[in-house]
Amino acid sequence: MSTNETKEYLASLPELEKDKTYNFKCYPGIACFNACCSDLQMVLTPYDILRLRRAHDTGSVEFLRTHTTMHMSEDTNFPEFHLRMTDNAARSCAFVTENGCSIYENRPGACRMYPLGRATRPDGEGGVIEQFFVVREDHCMGFKEPDEWTGASWIKNQGFDVYTTSNDRYMNILARIKQAGRPVPEKMGHMAILALYKLDEFQRFIEKMQVFSRVEVDEEHQKAILNNEEATLEFAMDWIELMLFHSTPNLKARK
Ligand code: SF4
Ligand code: SF4
């Protein structure tokens, strides 16, 4: 499912209004355990890939080749990565085991949010307005459990709050491209693959191309960008936005 298709799918589901609750619990031992970890068409955000790679301790090129598929989105010409399923009959996720998810601490945002979907739209001030939808699938027994959640309490419980800042920033860049009404040039699509999804390679690119001589970044922040992938990704989004739109609130080109 592409980002656009995901939005349309969510809009077709019942909305969980603010402060309204739903019942849910998922645990090893529930009759349907692992039933939801196969045949998925899951879009991975740049932050999902940062975390998944961390669970694997492998280089980005190797990780992307083994665990993802990629195409360029028609309306933005930006890369869209999906989690690659295995080619067994069930098309299981490569990370599912009989004990559950083998990368639980670093599982993608969509796995954390399930059975909720979260849709966002720009609020016009750099933030987002969020809506929650309940994905109620027949095979999922978790809805029969007594535990009660709001959208906000579920996000916190599942550790999705760490993902929202990066994911929302990324969605705002996509929204800005769509507003501009035309896909980005091919060269920028390739730069997005490097900067947003190959953070280890992007760190080397920054040094080799002396990127810090072209933008205003203080020394301490430069060190963080070259050593901490969370900071690298944040910078990558600023850099991409600056290259595309010649302005971003967080980064200025040197005069
Ligand atoms: S189907 Fe629902 S309850 Fe069963 S394992 Fe998946 S999320 Fe948990
Ligand atoms: S990453 Fe983990 S939680 Fe997500 S589909 Fe795969 S096994 Fe299931």
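Two strands pair if DSSP finds at least two bridges between them, and by that rule β4 and β5 pair in the antiparallel sense over 5 bridges. Helices (H or I, at least four residues) and strands (E, at least two) are DSSP runs, numbered from the N terminus. This is a predicted model, in which local features need pLDDT of at least 70 and side-chain atom pairs count only at pLDDT 80 or more, while totals for chains, interfaces and linings use all residues. Residues are numbered from 1 along each chain as its sequence is written, and chains are lettered from A and ligands numbered from 1 in the order in which they are written.

**Domains**

- The protein is divided into domain 1 (3–172) and domain 2 (181–245), with bounds that come from an automatic or database domain assignment.
- The centres of the two domains, taken over C-alpha atoms, are separated by 25 Å.
- Across the boundary, 18 residues of domain 1 are in contact with 15 residues of domain 2; contact requires C-beta atoms, placed from the backbone, to lie within 7 Å.
- On the side of domain 1 that touches domain 2, at least two residues each are supplied by α2 (46–56), α3 (60–67), β5 (79–83) and α6 (161–180).
- Helix α2 gives the largest share of that side, 4 residues.
- By class, that side of domain 1 has 11 nonpolar, 5 polar and 2 charged residues.
- In this classification Ala, Val, Leu, Ile, Met, Phe, Trp, Tyr, Cys and Pro count as nonpolar, Asp, Glu, Lys and Arg as charged, and the others, Gly among them, as polar.

**Ligand surroundings**

- A residue is counted as near a ligand if its C-beta atom, placed from the backbone, lies within 6 Å of the molecule.
- Around ligand 1 are C26, I30, C32, F33, N34, A35, C36, Y114, H139, C140, M141 and G142.
- The shell around ligand 1 comprises 9 nonpolar and 3 polar residues, with no charged ones.
- Around ligand 2 are C37, L40, C93, F95, V96, C101, I103, R107, P108 and C111.
- The shell around ligand 2 comprises 9 nonpolar residues and 1 charged residue, with no polar ones.

**Strand pairing**

- An open sheet of 3 strands runs in the order β3-β5-β4, with antiparallel pairing.
- Its edge strands are β3 (43–44) and β4 (68–72), each of which pairs on one side only.
- The hairpin of β4 and β5 has 6 residues between the strands, and N77 in the turn has a positive phi of about 65 degrees.
- Elsewhere, β8 (residues 116–122) and β9 pair in the antiparallel sense over 7 bridges, with L116 opposite V134 in β9.
- The hairpin of β8 and β9 has 5 residues between the strands, and G124 takes a positive phi near 85 degrees there.
- Strand β9 (residues 128–134) also pairs with β1 (residues 15–16), in the antiparallel sense over 2 bridges, and E15 stands opposite F133.

**Helix α3**

- The buried residues of α3 are F63, L64 and H67.
- Burial is a count of other C-beta atoms, placed from the backbone, within 10 Å of a residue's own: 20 or more is buried, 12 or fewer is exposed, and in between is partly exposed.
- These three residues cover an arc of only 95 degrees around the axis, which puts them on the same side of α3; the arc is that of the directions from the helix axis to the C-beta atoms.
- V61, E62, R65 and T66 are exposed on the other side of α3.
- The cover over the buried residues of α3 includes α2, β4, β5 and α7 (186–197).

**Two partly exposed residues**

- M42 lies in the loop between β2 (22–23) and β3, and counts as partly exposed with 18 C-beta neighbours inside 10 Å.
- Leaving aside neighbours within four places in sequence, M42 is in contact with H82, L83, P108 and A110.
- M42 and D19 are 23 residues apart in sequence and 28 Å apart in space, C-alpha to C-alpha.
- L194 is in helix α7 and is partly exposed, with 17 other C-beta atoms within 10 Å.
- Not counting residues up to four places away in sequence, L194 touches E201, F202 and F205.
- L194 and A236 are 42 residues apart along the chain, and their C-alpha atoms are separated by 9.1 Å.
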